[in-house]
Each structure stands twice: as C-alpha cells, then as structure tokens.
Amino acid sequence: MKKPKQTLLSPNWVQLQQKLKLNGSKASRTFKTSDEDTPESILGKRKERPDDESNDCQINPLVPVNDDSSLTDAVAMDCEMVGVGQGNKSALGRVTLVNKWGNVIYDEFVRPIERVVDFRTKISGIRPRDLRKAKDFWAAQKKVAELINGRILVGHALSNDLKALLLSHPRKDIRDTSEYQPFLKSSSRRALRHLAAKHLGVNIQTGEHCPIEDARAAMLLYQRNKKEWEKSIKDQFRLKQKQRKSKQKKKLKNEHTSNGNHVEI
C-alpha cells in the first residue's frame, strides 16, 4: 500500500497556522476566565452594611419588656416646660411617670396657671393645640403627688420638675441621675442624653424631647445600677448617723466639763 504523499506547505502558510492556533488558545483562556468571573460581574461583591443599618436591628433597651402598667415601688418622672411671664420663666407643660419596667402610668399635657408666651416646641415638643384641652395644673399636681407618695422617685435634675409641680419629696427617696457620683464627670453633672449614650447605648433628645423616653432612660440607668446605688445611700445614711452621734457626745462632754468648772461663790 502506497503511503500518501505529504503535502509541503509554504513557510508563510505554516507561520499563519501557528499564529491562528496561538490566538485561538488565548481566546479560549480569555473566554474561560470570563465564564469564571461571570457570577461576580453579575452579582458583584456583597456590600457591607453601614453601621447605622446594623444598629437598626439592635433591640432598643428603652422599649418595655412587658405591658404591666401597675404602680411599682419606684417610679420615674420627667417634665417638659413652657415659657410664661416674659418667656424666661418656666412652667409645667407636660408631666410623665413610668413604672420600673418603663410602662407609662401617667402622661398628661398641663395647662399652666399663667399665660404661655413661649411653647419652646423645638425642645418641649409642645404645641398650642396640645394645651387647649390640657389638664388643669392643680388636678395634675394632685394626681402626681398621689402617685409618687411613699415611693422612690427617679429622674434627671428632679429639683426642676418638683419645682414646676410645686411639690417636694423626701430626700431619702430621690434617685437623681444628675447627682449620682459614678455618673458625674470631674464633679460636674452630665446631660441625660450623654448618660444614655454612654451607659445604655441609645441616642435620645436628638430633636424634640420625649418625656416618656427620658423617664425610661432615667429609670433604666437606675435599675442597671440599683445595687451599688442603694448601697451608697445606706452608707451615706450610716455616716450621717455616726456624725450625729459624735456631735451629741461632744456636746454632752462640753456641758459636763462646763458644769464641773462652775464654782459657787
């Protein structure tokens, strides 16, 4: 059987074939790489969630864990003020009380005794329409007095709220977050929003103030530090008793010495 004759190719044709093969292999590799990258090019890389979006998924600690609105042994209070007189005098415009779980037990707009000249809406959140059918001041004062009587009163700068209500409360039953030693910074008071951000991880008072939110923040600050806080109260009470007894002993000793040195003529 005769062997087929090998066809002799011209050098130019051989060179052309080699170029075609080379280009073909590059094209196939490029196409393969493209296939591998297709999922990434279509879907793209997964974007990382911004911090604010991830924070939205976090549970807000100020939200009550139950719906029990009963009156508890500790209540938190917050008030919003309006301007009366020349506008620089504060008067009660809204008062809110929450129980130890943060559930509202009283929340009323209050009509001040004097005429309102500044609603301070940007801070108080109070508008003229809110006071048209608001509670009479004396009725609100009476109700608040009944609710806080004999209970631990929690709040921030409570002296301002009690002054606006024309009420007083036993010093031993006040838990003021603006005065609690561990919350102070270089012996100076810190705003409630700063305490909430630092110790609770929540932002409050970013716009118009919400007395419900503020009262809940104060209560939660107290509840989370209750053990140490109550211990410090007891320690202060014991120290005052000790100092009082010491003064009484010193006074009796001085009286005895004075009587001993008295000489009859």
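**Cores and surface**

Analyst: In this predicted model, the largest nonpolar core has 22 residues, and Leu 62, Val 154, Leu 200, Ile 204 and Tyr 222 have the most contacts inside it.

User: What makes these residues a nonpolar core?

Analyst: A nonpolar core is a set of buried residues of kinds such as Val, Leu, Ile and Tyr, joined through side-chain atoms within 4.5 Å. Leu 62 and Val 154 are among the members with the most contacts inside this core, so both count as buried, under 20% relative accessible area.

User: Which helices and strands each supply at least two residues of this core?

Analyst: Strand 1 (74-84), strand 6 (152-155), helix 7 (192-200) and helix 8 (211-224) do. Helix 8 gives the most, with seven residues.

User: What is Tyr 222 in contact with, leaving aside its neighbours within four places in sequence?

Analyst: Tyr 222 is in contact with Ala 74, Ile 152, Val 154, Arg 175, Trp 229 and Glu 230. There is also a second, separate core of 20 residues, which includes Cys 79, Ala 164, Leu 165 and Ile 174.

User: Why is Ile 113 called exposed?

Analyst: The relative accessible area of Ile 113 is 57%, and exposed means over 50%; therefore Ile 113 is exposed. Ile 113 lies in the loop between strand 3 (104-111) and strand 4 (116-118).

User: Which residues form a nonpolar patch on the surface with Ile 113?

Analyst: Trp 138 and Leu 166 form the patch with Ile 113, and together the three have about 350 Å² of accessible area.

Methods
Residues are numbered from 1 along each chain as its sequence is written. This is a predicted model: local features need pLDDT of at least 70, side-chain atom pairs count only at pLDDT 80 or more; totals for chains, interfaces and linings use all residues. Side-chain values use heavy atoms; hydrogens and water are left out. Patches are made of residues with over 30% relative accessible area and no salt bridge: like charges are joined within 9 Å, nonpolar side chains (Val, Leu, Ile, Met, Phe, Trp, Tyr) within 5 Å. Accessible areas come from the Shrake-Rupley method with a 1.4 Å probe; for residues, only the protein chains shown count as cover. A salt bridge is a side-chain nitrogen of Lys or Arg within 4 Å of a carboxyl oxygen of Asp or Glu. Helices (H or I, at least four residues) and strands (E, at least two) are DSSP runs, numbered from the N terminus. Buried means under 20% relative accessible area, exposed over 50%, partly exposed in between (1.4 Å probe, protein chains only). Contact means heavy atoms within 4.5 Å.
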